[in-house]
Structure formats: structure tokens, C-alpha cells
Number of protein chains: 2
Amino acid sequence: MSVTAESPASPPGTANEMRSRRSGGREARRAMRAAPLADDVRPIRPGLEGGTYRALSDADLGSIHEAVLTLLETVGFANAIPSCIEALTRAGATLGTDGRLRFPRALVEDTIKRAARNFTLCGQDPRHDMLIQGRRVHYGTAGAAVHLVDVEKREYRESLLQDIYDAARIVDGLDNIHFFQRPMVPRDIPDPLDMDFNTLYACVTGTSKHVGTSFTVRENVAPALEMLYAIAGGEENFRARPFVSNSNCFVVPPMKFAEDACGVLEACVEGGIPILLLSAGQAGATAPAAIAGAVVQAVAEVLAGLVYVNAIKPGHPAIFGTWPFVSDLRTGAMSGGSAEQALLTSACAQMAQFYDLPGGSAAGMADSKLPDIQSGYEKGITNVMAGLSGLNLVYESAGMHASLLGFCLESLIIDNDMLGMCQRCVRGIEVSEAALSIDTIAEVCLNGPGHYLGNDQTLKLMQTEYFYPAIGDRFSPKEWNERSKPDILSRAIAEKKKILAERFPRHVSRAIDDRLRTRFGDLIKLPRAAMGL
Amino acid sequence: MSVTAESPASPPGTANEMRSRRSGGREARRAMRAAPLADDVRPIRPGLEGGTYRALSDADLGSIHEAVLTLLETVGFANAIPSCIEALTRAGATLGTDGRLRFPRALVEDTIKRAARNFTLCGQDPRHDMLIQGRRVHYGTAGAAVHLVDVEKREYRESLLQDIYDAARIVDGLDNIHFFQRPMVPRDIPDPLDMDFNTLYACVTGTSKHVGTSFTVRENVAPALEMLYAIAGGEENFRARPFVSNSNCFVVPPMKFAEDACGVLEACVEGGIPILLLSAGQAGATAPAAIAGAVVQAVAEVLAGLVYVNAIKPGHPAIFGTWPFVSDLRTGAMSGGSAEQALLTSACAQMAQFYDLPGGSAAGMADSKLPDIQSGYEKGITNVMAGLSGLNLVYESAGMHASLLGFCLESLIIDNDMLGMCQRCVRGIEVSEAALSIDTIAEVCLNGPGHYLGNDQTLKLMQTEYFYPAIGDRFSPKEWNERSKPDILSRAIAEKKKILAERFPRHVSRAIDDRLRTRFGDLIKLPRAAMGL
């Protein structure tokens with residue numbers, strides 16, 4: 001076999017390899033051998049098509065859709081702000097004497113028909129563009145964790161702006177994490193404007209992948225847009241290739257508009273930022289405990305948001321962000337790592353496909369506090385089911401713990417392997433004449449060596465059909481012993497330190513950063529030293 | 001909410017609860033509250049129906065079937081023993097001048113039609129009976145690990161007879177592990193007869209769930225049968241309710257009969273033991289590297305076995321045991337925790353359904369050496385996909401590490417939670433009028449409190465729709481901190497020690513054990529003291 005096993009310490013696509021690809025001679029040749037294959041022959045890649053798992057039957061999908069239309073028509077939404085009322089009543093919604101906006105079926109169905117679909121969420125680097133379509137699957141981060149998980153000290157500490165920047169640049173080099181929505185809140189930056197602006201700054205300077213972020217209030221969007229336009233080289237450039245989307249909790253479940261978020265939504269639509277219409281009810285608390293009911297409510301809420309966006313600006317890119325969460329009904333606490341969560345998320349993926357809308361939901365949120373076996377199975381089960389469902393955007397898929405309360409940089413590195421495994425599962429099984437292997441089996445059994453080691457087919461498929469973990473350990477007990485029993489957490493810690501010491505992305509040039517710092521002055525809180533500048 | 005959270009230290013169905021259900025008064029009432037619900041209203045139970053995940057399309061299934069028939073007809077099997085040749089040629093197979101037995105399509109198709117299906121694998125206790133049918137899913141152990149994983153010392157040591165007995169009694173009390181196939185080899189018992197006999201003895205005295213075991217040679221089956229007949233209270237009783245099946249590697253892939261195992265197979269069929277027809281090729285080594293090809297070979301091999309069993313005794317219960325494994329093609333080592341393994345196993349589940357035969361395959365085999373995050377996602381992903389595929393018998397699903405080389409008692413306890421989660425996912429989503437929750441949502445939004453806490457629906461579904469882990473941790477970071485950061489491994493170690501100190505199953509009575517020890521004398525190696533007798 002001609003391909004060397006990847007050293008577990010240098011997964012493809014991490015800082016190490018990126019560096020060596022830039023230098024010449026022997027290093028370059030070595031890097032070439034270890035370099036990822038071209039996209040079309042790699043065993044996994046962004047946008048693989050799922051859909052082999054279907055939690056809901058066609059009849060179920062229809063029933064849910066009908067229930068949704070009934071709810072929108074009869075229950076509707078409370079707490080709309082004046083501009084929302086104006087836009088929606090103009091579009092055909094009715095404002096009841098109880099202050100609730102109700103949505104006639106025709107309005108909802110017409111919106112679904114005409115809404116934006118099959119669009120691209122861009123990276124600053126076009127090779128990270130994601131075509132959001134059909135059952136194409138992408139995995140990424142998300143969240144608003146208030147803690148960073150310190151694996152070495154086994155403790156939770158407040159998350160900081162630097163942690164967001166560090167998470168961004170780790171994700172920037174991990175092949176199997178396709179986008180970066182801000183996963184933590186910078187607790188060292190209490191002022192909402194400072195927080196919004198710097199969160200976004202840390203994200204977009206930390207990675208050239210697509211970024212998602214939130215804004216606290218409408219007013220915070222303008223300076224952010226100014227920054228984004230500057231980085232894009234002008235407003236038109238940004239509008240042509242928006243590399244940031246707005247994660248927008250426009251709804252307070254059940255069925256109420258969130259006033260501040262609606263203001264943000266309007267400003268983002270205006271400014272050319274795609275909207276993630278995020279409904280985050282919690283089954284048993286702010287959504288029905290029945291799984292189907294939680295799906296119904298989430299779909300109704302997101303469709304209301306879709307009507308809203310399209311009433312303001314027809315065809316504005318919006319993601320069908322049904323994110324129902326789960327309560328542990330014994331305690332009321334959220335349980336992101338539960339089976340019920342996996343089912344909810346998978347059902348939502350199908351509802352997005354039912355409407356042929358770009359869908360995003362959450363998976364990978366471990367209840368466990370640390371990267372341990374519990375967090376492994378919670379993340380693995382929820383993420384693979386989301387992917388097999390063909391969910392377009394799997395948010396929260398990497399790094400998250402404690403049901404969204406703690407984010408872990410080491411887990412990002414481990415989860416990159418797990419997500420690679422999920423993606424290989426999503427890719428599925430090729431059943432072709434060659435893959436059925438009749439001739440290969442006959443040859444091996446009747447004329448051959450009686451085994452497939454070194455067989456042409458084996459060599460051919462080694463790189464193109466099989467996925468290999470970067471830091472995951474496949475040693476035999478003997479090898480494992482001889483290597484002093486390597487521990488995956490220690491390996492992840494070491495890899496994290498290496499990346500953070502070495503990887504300082506430069507897609508936002510020093511010149512632009514100079515301009516941003518001149519323009520925004522003290523508003524920018526991330527010191528240049530911390531960015532390796 | 002009226003139901004108390006289960007104490008993480010006493011999962012339902014473990015020693016603690018079993019004991020208390022036997023005592024009276026206040027203890028009994030407390031136990032009643034914590035006791036499992038009746039089967040039909042429990043959120044999960046053995047035999048839930050999968051099938052929502054389909055790795056293969058209908059066309060794929062047909063292509064694989066065609067390839068299988070071609071292979072059996074043209075390549076056939078080498079190394080048949082005389083009795084096998086006699087039975088198979090009598091049935092219609094042809095012996096070529098190259099010594100290979102070939103199977104005409106009509107013979108294979110006729111066998112498939114007439115083979116045993118929809119049968120029950122019995123437990124000694126009938127409440128552990130498993131109806132193997134359609135897409136009903138059961139999870140259990142299996143394997144022939146040569147090491148026990150010592151979690152406290154972080155080391156692999158040789159596995160012993162006592163470990164098998166301990167594993168059996170741990171599984172006996174874990175609700176989400178439905179059968180016990182011997183997972184380890186007793187390295188302290190080198191003699192093959194001693195080993196086979198005592199392995200079985202440790203299994204059937206350790207648990208009243210269905211047991212699977214192997215025999216080294218034909219001659220070892222007779223004393224085992226004598227033991228089993230004695231425990232059953234007579235040969236007829238055992239034949240009516242066989243609570244042991246024979247895990248039989250009758251094939252040495254690719255496409256050769258295993259001589260000793262075939263002798264064992266014949267003796268087991270004769271003695272009334274159901275056969276697990278186990279084909280364990282390894283893709284890229286003893287099976288094609290192409291996933292579809294590995295499935296084709298496995299199906300061909302198992303169907304040959306099925307023809308063999310039915311040629312000896314038409315309608316004898318046999319499990320369609322396509323167990324293709326995966327090689328890491330860089331090293332040739334087995335990788336049980338890989339994505340490719342998950343796909344292979346899921347495809348095999350569908351092939352069994354294609355034939356409407358009772359199917360068993362392997363999932364849950366972690367590559368990782370210890371119960372860590374890697375083992376968690378490897379086990380979770382492979383097990384949930386197997387279950388969602390509707391695999392009837394998911395072997396190796398609990399306790400296994402190092403790609404079958406190490407078995408871990410603590411992992412059994414943790415995996416019981418993971419398998420509960422998988423089963424909840426298999427159960428899926430109920431979409432009924434009530435579950436769609438239109439009225440509930442309307443009431444909460446329009447007239448209600450604006451949330452679902454304490455709602456009738458929430459209270460009703462708390463116990464019947466939601467699965468709760470027994471030792472898995474859903475604390476908030478604050479609670480986790482206050483409880484001194486509980487570690488799942490420490491909790492599993494403590495629970496294991498408690499079970500092993502307290503749980504000594506007595507379904508095989510002292511009187512029968514006396515008779516066995518009188519009859520078999522020194523052949524029985526497990527001391528009574530070690531069995532709490």
C-alpha cells in the first residue's frame with residue numbers, strides 16, 4: 001500500500017499542513033502526498049446528500065403542514081412591532097382585536113412558493129461557499145455558551161472574546177466543520193454594541209468560512225455592516241457574496257414576536273445579510289412536549305418569519321431555522337443530547353425538504369459537561385441522524401457541551417473526526433457494477449490469493465472510499481501500550497495548542513485591519529498581539 | 001411534576017431495584033414508583049420497529065441479490081466436510097472438479113422461501129423472550145475479546161472466566177441490553193472443552209436473558225447440551241424453548257467452509273440449538289474493499305449456510321448473520337468503529353429484511369481502547385444506524401472496545417444508557433391528532449399561561465414518551481460543580497462494584513447447580529464462592 005498513514009498529530013487541513021503547503025521543495029512534496037484529494041474523489045466533502053433516514057412518512061409531513069396552516073390562521077402571533085404589523089398586514093396578514101397577527105393559508109403558501117431557495121452561503125474564501133439545496137448537508141458551530149470548558153483543569157470558566165477568535169481559527173483549519181456561527185458570548189465585553197461588534201470582528205478575522213452571528217438591537221447592525229462592507233471591499237461586493245448571516249431569534253415561543261430581534265431582522269434584510277429564522281422553543285416548556293407538536297409549532301413560527309422577511313423584501317435569503325429543543329421533563333432543564341432532540345432535529349430537516357426550503361437545525365449538543373463517552377454518544381447519535389436526514393445546515397454540531405452552556409476548543413478538534421465519520425455515513429453506499437465486485441470476488445476465490453489485501457480494488461478505494469480520523473485512535477491494544485496509552489484528550493489539547501500558536505489567518509489583510517482600527521478605534525477590543533499581528 | 005428524577009446511582013432494572021421489588025411495605029411502594037412502566041406504555045422496550053433509515057434503495061437490494069445468486073452459482077464454496085457435501089449435494093448443490101460446492105439459484109431461492117422466520121429467541125425467563133421478526137430491533141453483546149479493559153488502571157489484562165460471569169450478571173439487570181452473547185474468551189481456561197463448557201455455564205448461570213455462545217469442535221456440543229437440558233428440566237423443554245443459540249463461524253471468508261465450525265453446526269442443529277450463521281469477512285482483507293461487494297459476499301456466504309442448515313433439518317431456526325467488518329486500509333487493521341462499518345451493518349439489516357429473514361449483524365465496536373469520547377461517538381453512530389435500519393439483533397452493541405479485542409464492564413453500564421437513547425430514536429415520532437397538538441398550542445397561546453410546564457400533555461408524556469439516562473449526567477454546570485464534578489467513569493465503576501457485590505442471579509437453582517456439579521465434577525471451573533453460593 002502506497003499511502004502512509006496520516007500522523008495522528010497532523011490531521012489534514014490543520015495549521016501544520018497549511019504551513020507546509022506554503023513552503024517549497026521537499027516539504028511541499030511531502031505535503032502533497034498528505035494533501036487532501038480533489039473534491040470529487042475525496043471520501044467526504046461539504047454538501048454530501050442525505051435523505052436516507054426519514055423520521056416522518058409522507059403522510060406525517062402532510063399532517064404537520066396542515067396543522068401548521070391551521071395554527072397560523074387561527075392562533076397567529078402576538079407582540080409584533082409596528083413595522084412588522086405594517087409589513088405583514090400589507091402582505092395579507094390580519095391583525096385581530098386581541099393584538100395577534102394571523103396568516104391566511106394563501107399568504108403562507110404563496111410565500112413558500114416564492115421564497116429564496118437554492119442559494120449559496122458564501123465564505124470570504126470562495127472555496128468555503130456552501131450551496132444550500134435539496135438534501136445537501138453541512139456541519140458547523142453555533143450557540144451562545146457563556147462558559148469555556150477548560151479540559152485541563154476540568155472546569156467551566158467565563159467565555160471571553162479571545163475564545164471566540166480562537167474557536168474561529170481552529171474551525172478555519174478543520175475540514176469537516178463547514179461554517180462558523182459564533183458559539184460563545186464574550187463575557188469580558190458587557191456593553192451590547194461592543195459585544196456584537198467584537199463578536200463579529202473575532203469571527204470574520206478568525207476564519208474565512210461562512211460566519212453566523214447575532215445582534216442585540218437594531219442599532220448595532222449599522223456599524224457591523226460598515227465593517228463587513230470594508231472587509232468585502234465595498235457594499236456591492238458584500239451584497240453579491242454575503243459571507244455573514246444573521247442568526248435571528250425573531251420569535252419568543254410559543255408564537256410571539258421578539259421585539260428587538262425583529263428590529264435586527266429588518267436592519268439585516270435592509271443591509272443584505274441572509275437571515276437564519278431561528279425558532280428555539282423547548283419541548284415541554286415553551287413548545288409542546290409531544291415531539292410532533294414541537295415540530296408543528298417550530299414550523300409555524302419559522303413560516304411566520306418567512307412571511308415577514310418576504311413581506312419586507314421578496315426573495316431575501318432566509319434559512320428555515322426550526323430549532324426546537326428538548327426539556328428533561330423531570331427537571332425542566334434542557335437536554336440537547338437526548339434521543340428526543342435527535343428526532344426533533346431530523347423531523348425538522350424533513351419539513352424543510354417538504355417545502356424545498358434551505359433548512360437549518362441543531363444537533364451535537366451534549367448534555368455532558370466534558371468531552372467524555374457520554375458526550376461522544378450524544379454528539380454522534382444526534383449529528384449522524386441530522387446528516388442522514390439531509391439537514392442542510394447542522395448547527396451546534398461541534399464543540400458544544402452542557403446543553404449549550406459550555407463550549408470546548410478541544411472538542412472542536414475531536415468533533416471534526418466525528419463529523420467526518422457522520423459525513424461518510426451520509427455519503428452512503430455506492431452500488432455499481434464495479435462496487436458489487438462479482439468479478440473481484442470470483443478472481444480472488446478462483447484464481448487469486450484468497451484475500452483482498454493489495455487487490456487493485458482495495459488500493460483504488462483506500463483513499464476515495466474510506467474515511468480516516470485525524471486524531472482518533474485505531475491502534476491495537478499492543479501498539480497502544482507501546483505508545484504509552486495515548487489519550488484522546490491529551491492529543492486534542494496538544495493539537496489545540498499547536499493550532500493556536502501557529503494559525504493566524506490572514507484573509508483579512510493587515511491593511512484592511514488598519515483601516516478598521518482607524519475607523520472604529522477603541523470599539524475593537526481584540527488586541528493585535530492576540531491576533532499574531 | 002409528580003415523578004421524582006431517578007437517582008443516577010440506581011438505574012431502573014439494576015440489582016438495587018430488583019431487590020427492593022422483592023421486599024414488602026414502604027420499600028415496595030417506593031420501588032413501585034420507580035419501577036418500569038408496563039411494556040406497552042414505556043418509552044422504549046425490546047423489539048421496537050426500525051426501518052426509517054435505508055442505506056440501500058430497492059434497486060440496490062435487487063442488484064445485490066442478483067450478484068449473490070451469481071456468485072453462489074458460479075464461485076460457490078470450497079472446503080466442505082464430507083457430511084456437508086453429502087447434505088448439500090442431496091439438496092441440489094453441485095460439487096465441481098475443483099472441489100467447490102455450487103448452489104443453483106432455484107435451490108437458494110427455495111431455501112429462502114422455506115427457511116424459519118418469525119421465531120422467538122427465548123430467555124430462561126420468558127419475559128426476556130425476543131420475537132425476531134420484520135424490523136423489530138434488539139441489542140445485545142457478543143465477541144471473543146481476549147482482554148478485559150481495566151478502567152481504573154487504564155490497562156488491558158487477559159480476560160477470565162469470572163469476567164464472563166460478571167458481564168452476564170451485569171447485563172442481566174440492564175433493561176436496554178436484551179441478550180447476552182459471550183463477549184470474551186476465558187484465557188484462564190486453555191483446554192477447548194473446558195473453555196466451551198465453562199463459558200456457557202458462566203453465561204447461563206449469570207443471566208436469564210437469551211445467551212449466545214460458540215463451540216470449538218463438534219465433540220464439545222454434547223456435554224453442553226446435557227447441561228442445557230438439565231437446566232431446562234429436560235431435553236423436550238429445551239427444544240421447546242431454546243434459550244441458547246450457537247454463534248457459528250461456519251465460513252472462512254471468502255467463500256470457504258470452516259471445517260470445525262461445520263461440525264459444530266451439525267451437532268447444534270441435531271441438539272435443537274438455533275444457529276447464528278455468522279459470516280465475518282473483513283472488507284479489504286477477506287472481503288472486497290467496496291462496501292457493496294462486502295455485503296454481496298457476506299449475503300452469499302450466509303445464504304450458503306442457510307441452505308446447509310435447511311438441508312440438514314428443514315426449518316431449523318437460523319439467524320441471517322451477515323457480519324462484514326472493516327479494515328483500516330492504511331494498516332490492514334480492523335476498524336469496528338468506522339463509518340464504513342455503520343454502513344455495512346445497516347446494509348446487511350436491509351438484506352435480511354429483503355429476504356424476510358431474522359437478521360443479526362454487529363455494531364457498537366469502538367476502535368478506542370477506553371470508554372472515552374471517541375468510543376462514545378463510534379458506539380453511538382454505529383448502534384443508532386443499526387437500530388434505525390431495523391436490524392433484528394444488534395450484536396456487539398455494548399461493552400466492546402479496541403475493535404473486538406477488549407471488553408469493558410463499566411462500558412456495559414454506560415452503553416445501557418446509550419442503547420436506551422438509540423431505542424428511543426428507533427421508536428420514532430408519533431404523529432396523531434393529539435400529538436400534533438393544535439388544541440394544546442391554541443389553548444396555551446390564547447387562553448393559557450403561555451408555556452407548557454405542568455400542562456396535561458406534558459405530564460402525560462413525561463414517562464411515556466421521554467427516555468431518561470440512568471447514569472448519564474444532565475446537570476447544569478452549576479449543579480455539576482456543586483456535586484464535585486461527577487465523572488461518568490467513576491459513576492460506572494461504582495455502579496459496577498455495587499452490581500457485582502449484590503446481584504447473584506438465582507434462575508438456575510442451587511439444586512440444579514448441585515446436580516450439574518455432581519454430574520460434571522471438575523469440568524466446572526467457576527467456584528461457588530465466586531457465584532455467591
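Across the interface of chain B and chain A, 30 residue pairs are found in polar contact, with both partners at pLDDT 80 or more. On the side of chain B that touches chain A, the element that gives the most is helix H13 of chain B, spanning residues 373–388, which supplies twelve residues. By residue class, that side of chain B divides into 65 nonpolar, 27 polar and 26 charged residues. The model examined here is a predicted one, and the values reported below are computed from it.

The contact between the two chains draws 118 residues from chain B and 118 residues from chain A. Together, chain B and chain A bury about 9,700 Å², of which 70% lies on carbon and sulfur atoms. Within chain B, the residues that lose the most area to chain A are B:Arg330, B:Ile373 and B:Tyr466, which together account for 9% of what that side buries. Charged pairing also takes place between the chains, where the count is ten salt bridges. In one salt bridge, B:Asp473 is joined with A:Lys369, and the closest N and O atoms of this pair are 3.2 Å apart.

The largest nonpolar core comprises 351 residues, and the members that touch the most other members are A:Phe103, A:Phe257, A:Leu303, B:Phe103, B:Phe257 and B:Leu303. The surroundings of B:Leu303 may be described in detail: when its neighbours within four places in sequence are left aside, B:Leu303 is in contact with B:Val68, B:Leu72, B:Val108, B:Ile112, B:Phe320, B:Tyr355 and B:Leu357.

In chain A, the peptide bond that joins A:Pro253 and A:Pro254 is cis, with an omega of about 0°, and A:Pro254 is found in the loop between strand S12 (251–252) and strand S13 (256–257) of that chain. In chain B, a cis peptide bond leads from B:Pro253 to B:Pro254, with omega near 0°, and B:Pro254 has its place in the loop between strand S12 (251–252) and strand S13 (256–257) of chain B.

Positive phi values occur in chain A at A:Asn79 and at A:Asp356. For A:Asn79, which is not a glycine, phi is about 65°; this residue is found in the loop between helix H3 (58–74) and helix H4 (82–91) of chain A, and with a relative accessible area of 37% A:Asn79 is partly exposed. For A:Asp356, likewise a residue other than glycine, phi is near 55°; A:Asp356 is found in the loop between helix H12 (339–355) and strand S18 (360–362) of chain A, and counts as partly exposed at 35% relative accessibility.

A polar atom of the side chain of B:Asp172 lies 2.9 Å from the backbone nitrogen of B:Ser208. Apart from its neighbours within four places in sequence, B:Asp172 is in contact with B:Gly206, B:Thr207, B:Ser208 and B:Lys209, and also with B:Arg503 and B:Pro505.

Technical notes
Residues are numbered from 1 along each chain as its sequence is written. Chains are lettered from A and ligands numbered from 1 in the order in which they are written. Side-chain values use heavy atoms; hydrogens and water are left out. Contact means heavy atoms within 4.5 Å. Buried area is the accessible area (1.4 Å probe) that two parts lose on being put together, summed over both. A salt bridge is a side-chain nitrogen of Lys or Arg within 4 Å of a carboxyl oxygen of Asp or Glu. A polar contact is a pair of N or O atoms within 3.5 Å; within protein, one must be able to donate a hydrogen and the other to accept it, and residues adjacent in sequence count only if both atoms are side-chain atoms. Helices (H or I, at least four residues) and strands (E, at least two) are DSSP runs, numbered from the N terminus. Ala, Val, Leu, Ile, Met, Phe, Trp, Tyr, Cys and Pro count as nonpolar, Asp, Glu, Lys and Arg as charged, and the others, Gly among them, as polar. A nonpolar core is a set of buried Ala, Val, Leu, Ile, Met, Phe, Trp, Tyr and Cys residues joined through side-chain atoms within 4.5 Å. Buried means under 20% relative accessible area, exposed over 50%, partly exposed in between (1.4 Å probe, protein chains only).
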